[in-house]
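Visitor: I have a model on my screen and would like to walk through its side chains with you. Could you guide me?

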Amino acid sequence: LGKDGTVKVVDFGIARVLESSKTQTGMLIGTFAYMSPEQYHGEHADERSDIWSFGVLLYELLSYQRPFMRPTPAGLMNAICNEEPTPLGTHIAEIPNELQVVVSKILQKSPTERYQSMEDVLLELDPILKTLQVQFVVDLVAQSRLLIEQNEYTQARDLLRQALQVESSNTQARSLLEKANAGVRRMLNRPKAQQCVERGQALLEEGKLQQAKIEVEHSLEFDSTFAPGIELQRVVLEKLARAKQISEWLEAAK
């Protein structure tokens, strides 16, 4: 499982004892790492042995390392049969205690002390998963809100999309995503808004107030929050109002 969430299948192999070489030894250890203690003791292996193998994989997915690691097959077998794995909290500071308890029970040496079925494992993992998902979404929404306040709309949009993949019905995330999308559109339209402002300023200097007003309105259609467009609109409207007042005074004077 890559850091970016990409899943890659790297091995469907079953260990075969072939002629000695580094490659064969690596294959052997790689497969042995997921075998249960009872398999090494030559005892009957049932669903609980598969649960052990799942526990090794779960430990590895969470911490990016196996619970038992030794350079030789003999050392690895001894560790699996006689040693306790390093607590997950050593590798992951923020891991929930409930999850550590579940993994620890899955990796009990004796099959009778493990979960007796995968249904039991899933019943324990499901509420932990839901709690983690809720907190994950809460954190992403909080980060996105800060990014939006900082006008980092693209990053906020990406985080909110992640949040909605986990919880598609989250109303806060959807509302913020609309704001982020609007912000992204405004940023994309900024160059066009700037061009309209520049044309409007030129027309204003030429005294063409109505045409300048039209360019300003176009600018704000592209981005209603564009500060140069808002300021130019204020100036144009003031000049139009003054021109109207002067016209009325002149008419009255006549």
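This is a predicted model: local features need pLDDT of at least 70, side-chain atom pairs count only at pLDDT 80 or more; totals for chains, interfaces and linings use all residues.

Visitor: What is the relative accessible area of Glu-83, and is the residue buried or exposed, or partly exposed?

Guide: Residues are numbered from 1 along each chain as its sequence is written, and side-chain values use heavy atoms, with hydrogens and water left out. Buried means under 20% relative accessible area, exposed over 50%, and partly exposed in between (1.4 Å probe, protein chains only). Glu-83 is partly exposed, and its relative accessible area is 28%.

Visitor: Which side chain meets that of Glu-83 in a salt bridge?

Guide: A salt bridge is a side-chain nitrogen of Lys or Arg within 4 Å of a carboxyl oxygen of Asp or Glu. For Glu-83 the N to O distance is 2.3 Å, and the partner is Arg-70.

Visitor: How many residues apart in sequence are the parts that this pair ties together?

Guide: Helices here are DSSP runs (H or I, at least four residues), numbered from the N terminus. Glu-83 sits in the loop between helix H4 (73-82) and helix H5 (88-91), and Arg-70 in the loop between helix H3 (47-63) and H4, so the parts tied together are apart in sequence by 13 residues. Arg-70 is also partly exposed, with a relative accessible area of 33%.

Visitor: Which helix holds both Arg-234 and Glu-238?

Guide: Their side chains meet in a salt bridge, at 2.7 Å from N to O. Arg-234 is partly exposed at 39%, and Glu-238 is partly exposed at 47%. The two are four residues apart, about one turn of the helix, and that helix is H11 (residues 227-253).

Visitor: Lys-208 and Glu-206 meet in a salt bridge too; which relative accessibility makes Glu-206 count as exposed?

Guide: The N to O distance in this pair is 3.2 Å. Lys-208 counts as partly exposed at 37%. Glu-206 counts as exposed, at 51%.

Visitor: How many salt bridges does the structure hold?

Guide: The pairs above are among them, including Glu-83 with Arg-70. In total, the structure holds twelve.

Visitor: What is the accessible area of the nonpolar patch that includes Leu-57?

Guide: Patches take residues with over 30% relative accessible area and no salt bridge, joining like charges within 9 Å and nonpolar side chains (Val, Leu, Ile, Met, Phe, Trp, Tyr) within 5 Å. Leu-57 lies in helix H3 and is partly exposed at 39%. Areas come from the Shrake-Rupley method with a 1.4 Å probe, and for residues only the protein chains shown count as cover. Together, Leu-1, Val-7, Leu-57, Leu-61 and Tyr-64 have about 470 Å².
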